[in-house]
Amino acid sequence: MATPSRLVQLHCPGCNAQFWVIDSDWRGGGIYGAKELTYPQREYTCTSCSRSGSGHTVITQGPPEFLLQPHEGCPMTATDFEHWVGVLREHFPDHPKLREVGRTFFPALPGPPSLTVEMWEEEPGKSPRCTLDPSADQVADWLARLGPNAHLTLEYKHGLKLTVTRSGSRTFDASCADWRTVIAAGTRLPEDRVRTAIGHFLSGDGDGCLWAIAPVTPPGSDA
Ligand SMILES: [Zn+2]
């Protein structure tokens, strides 16, 4: 098995310049009888002097989980993810993942397992009800029974807050806010989109929740 492709910054022994490649630490050729090569043994072409050959040394490497995001088992902070997207954009401007940033390519954030989620339901003329740390099934159940103009609110203490309002028989308005301001808002969302947002919210993936409500368009995209 090859290990995941990652960004690798190499030093050119010919001109001392640095350049980036995307390669695997372990290419997995060994299982087919090919010799597994270390980075200095592999041949690369320098982007500065065009020298092709071996002898390159590794200066820096991006995290192996970066190009695998979102990966629940190997989460990344949004800051780290943005940093490596910047490196990818600078050195591999045609990389297909760049077109997917914010769509299918976004970080699984490190979860806050110790945090408590409060779920509130407020409906005009009824007393609000609340539960702590609801399961996804419980939220789906409350969502299905949500009356017209009733609100369902999920909230981390001092953290992200997701508010869902029924806007039609099969649609919902949703907004996601941090402790200061609304970050994402969507109207007339189908129930499955709202459920996806809730799933991300409950697993601590705040960014996934935001993207489910209001997919962001990556800068430079025509869409
Ligand atoms: Zn060179």
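Reader: Let's start in the middle. What covers the buried residues of H4?
Author: The cover includes helix H1 (78-91), E9, E10, E11 and H3. Buried here means that 20 or more other C-beta atoms lie within 10 Å of a residue's own; 12 or fewer makes it exposed, in between is partly exposed, and the C-beta atoms are placed from the backbone. The H and E labels are DSSP runs numbered from the N terminus, with at least four residues for helices (H or I) and at least two for strands (E).

Reader: Before I go on, what kind of model is this, and how are residues numbered?
Author: It's a predicted model: local features need pLDDT of at least 70 and side-chain atom pairs count only at pLDDT 80 or more, while totals for chains, interfaces and linings use all residues. Residues are numbered from 1 along each chain as its sequence is written.

Reader: OK, back to H4. How many of its residues are buried?
Author: 8 of the 8, so H4 is largely enclosed by the rest of the structure. Among them are Cys209, Leu210 and Trp211.

Reader: And how does H4 sit on the strands?
Author: Helix H4 (residues 206-213) lies across E9, E10 and E11, at about 50° to E11. Angles like that run from 0 to 180 degrees between N-to-C directions, with axes fitted as lines to C-alpha atoms, for helices over the stretch in contact.

Reader: What sheet do those strands belong to?
Author: An open sheet of 6 strands with antiparallel pairing, in the order E7-E6-E8-E9-E10-E11. Strand E7 (129-132) and strand E11 (182-190) are at the edges with a single partner strand each, so one side of each has no neighbour in the sheet. On average, neighbouring strands of this sheet are turned by 15° against each other, direction ignored. Two strands count as paired if DSSP finds at least two bridges between them.

Reader: How many bridges join E9 to E10?
Author: 6 bridges join strand E9 (residues 161-166) to strand E10 (residues 171-177), and the two run antiparallel. Threonine 165, for one, stands opposite aspartate 173 in E10.

Reader: What about E6 and E7?
Author: Strand E6 (residues 117-122) and E7 are antiparallel too, joined by 4 bridges. Tryptophan 120 has cysteine 130 in E7 as its bridge partner. Their hairpin has 6 residues between the strands, and glycine 125 there takes a positive phi near 80°.

Reader: Which non-glycines have a positive phi?
Author: Aspartate 133 is one of them, at about 45°. It lies in the loop between E7 and helix H2 (136-144), and it counts as exposed because it has 11 C-beta neighbours inside 10 Å. Serine 50 also has a positive phi, of about 65°. Serine 50 sits in the loop between strand E3 (44-45) and strand E4 (52-53), and with 10 C-beta neighbours inside 10 Å it counts as exposed.

Reader: Where's the cis peptide bond?
Author: From glutamine 69 to proline 70, with omega near -5°. Proline 70 is in the loop between E5 and H1.

Reader: So which sheet has E5 in it?
Author: An open sheet of 3 strands, ordered E2-E1-E5, with antiparallel pairing. Strand E2 (18-24) and strand E5 (57-61) are the edge strands, each pairing on one side only.

Reader: Switching to packing. Which residues have the most contacts inside the largest nonpolar core?
Author: Leu162, Ala174, Ala197, Ile198, Phe201, Cys209 and Ile213, in a core of 39 residues. At least three residues come from each of domain 1 (5-100) and domain 2 (117-213), with domain bounds from an automatic or database domain assignment. A nonpolar core is a set of buried Ala, Val, Leu, Ile, Met, Phe, Trp, Tyr and Cys residues joined through C-beta atoms within 7 Å.

Reader: What is isoleucine 198 in contact with?
Author: Leaving aside neighbours within four places in sequence, isoleucine 198 is in contact with Ala136, Val139, Leu154 and Leu162. Contact means C-beta atoms, placed from the backbone, within 7 Å.

Reader: And arginine 195, buried or partly exposed?
Author: Partly exposed, because it has 18 C-beta neighbours inside 10 Å. Arginine 195 lies in helix H3 (residues 191-202).

Conventions
Contact = placed C-beta atoms within 7 Å.
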